[in-house]
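Visitor: I would like a close look at a single part of this structure. Please place that part in the whole chain before going into detail.

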Amino acid sequence: MPRGLWSLVFVSMFAGTCLADEAKPNVLFIAVDDLRPELGCFGKSKIHSPNIDRLAADGTVFERAYCMVPTCGASRASLMTGIRPTRQRFVSYQTWAEKDAPGITTLNTHFREHGYVTLSNGKVFHHAKDNGQGWSKPAWRPRNVQQYQLPESRKAMRQNPKGRGPAYEAADVSDNAYADGHIAEKTIKDLGRLAKQDEPFFLAVGFMKPHLPFVAPQKYWDLYDAESIQLPKTYHRPKNAPDQAIHNWGELRQYANIPATGKLSDEMARRLIHGYYACVSYTDAQIGKLLDELERLKLAENTIVVLWGDHGWNLGEHTLWCKHCCFETSMHAPLIVKAPGMTGGQKTPGLTEFIDIYPSLCELAQLPRPEHLEGRSFVPLMKEPNREWKTAAIGRFRNGDTIRTDQFRFTAYTTPKNQLQARMLYDHNTDPEEDNNVADEPAFQDAAKNLLKELRSK
């Protein structure tokens, strides 16, 4: 081939490579602690979430997405490594991904190794220093920010031997009085810097609320009429539920104004629900600031936005508060993904597991998929939301293994030697609130047996 033609080919190939690099999408990866899928885009109307709903209008809502473990450290470690929990791995809120899964390339590390600037603001991993090599700069969290703004709340915290203040606070302060306001401000500054760089970015943002304590500026409490807030329909123990399924909500009992034992008063229960709603709206407003900045910087068209809650949360359902159980209320969590070139404003009922997020982002960003991943890319669901998909989503908490199918949620509680202790089966066709355990009813014996077998095969 003539030298001139070789030169033309080389230049063309080089230009094509540069264009491919320039076209690499950015990733804005938003984690929200303890967020239930009780949002407008999930068909719920109680909570004001206009900004999350705005993201949903441009993206895909995964209506049936499930965490792997309903506690923060373990859930995040499983998601960020792309591998399933076991009885010995990803167990508690204190989980370190790098300790439980040594040698595994985490999601952030994978993107960094493929040319991305990777940053972490707020709570992404439970421990800020977990997988530090995967971030271009040390993971950032706000410092010197008071958890409480009211003097009486701080006094209650000092007087509580457990070190926690009240479970809620409404203070007439600005958004940046609390940590999530600082996280939004830091992220906006980072977006401004990243917009001027040539490299694509993977910017992870972990908002703290609506995690306890339910502290938020007064204006977000004012979005709700306290008198209209009702207790859930299932504010009682489900029929035939085994003891293993019910816990004493020890996380909530650490707070100064919560009784150490026994039930909450109805007034306190409604106040907690009100506080949770206010915190969701507060964090929603911070998310809106990030979406606005993406638009202002003209980054939105080439940025994948992923929003996920690390697990569900109980607001009195089944007598429970917090998470830490295998009911739908703890396992079901929000997942919304907006990606360049994908149709927006759509919903998919496909069963989705949080270990699917890692391979999906690899496909959306056109990165190779690491061999260790145990999830399945949900990109086909974004292209065809009603296609046939997974038949089950599987998770676990402590001695309970749980499986969600189109019709059922089945949970098996076992000893360390895998001996069956108790089981739960809920028929979502007739009992979507999981109010009646039918595991021992004759009509459901085959279903319970088959689901137990499927659980044990995983």
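Visitor: How many helices and strands does the secondary structure of the chain come to? And which residues of helix α2 are buried, and what covers them?

Guide: This is a predicted model. The chain has 13 helices and 17 strands. Its radius of gyration is 23 Å, close to the 23 Å that the globule rule gives for 458 residues, so the chain is as compact as a globular protein of that length. Of the 458 residues in the chain, 56% are buried. Contacts between residues at least 6 apart in sequence join residues at least 24 apart in 70% of cases. The accessible surface of the chain comes to about 19,900 Å², and carbon and sulfur atoms account for 50% of that surface. As for charge, there are 57 positive and 54 negative side chains, with the centres of the two sets 5 Å apart.

Now to the part itself. Helix α2 runs over residues 50-58, and its buried residues are Asn-51, Ile-52, Leu-55 and Ala-56. These four cover an arc of only 150° around the axis, which puts them on the same side of α2. The cover over the buried residues of α2 comes from several elements, including the strand β2 (60-62) and the helix α9 (266-296). The strands β8 (303-309) and β11 (335-338) are also among the elements that cover them.

Key. Residues are numbered from 1 along each chain as its sequence is written. This is a predicted model: local features need pLDDT of at least 70, side-chain atom pairs count only at pLDDT 80 or more; totals for chains, interfaces and linings use all residues. Side-chain values use heavy atoms; hydrogens and water are left out. Helices (H or I, at least four residues) and strands (E, at least two) are DSSP runs, numbered from the N terminus. The radius of gyration is taken over C-alpha atoms; the globule rule is 2.2 Å times the number of residues to the power 0.38. Buried means under 20% relative accessible area, exposed over 50%, partly exposed in between (1.4 Å probe, protein chains only). Contact means heavy atoms within 4.5 Å. Accessible areas come from the Shrake-Rupley method with a 1.4 Å probe; for residues, only the protein chains shown count as cover. Lys and Arg count as positive and Asp and Glu as negative; His and the chain ends are not counted. The place of a charge is taken as NZ of Lys, CZ of Arg, CG of Asp or CD of Glu. The arc is that of the directions from the helix axis to the C-beta atoms.
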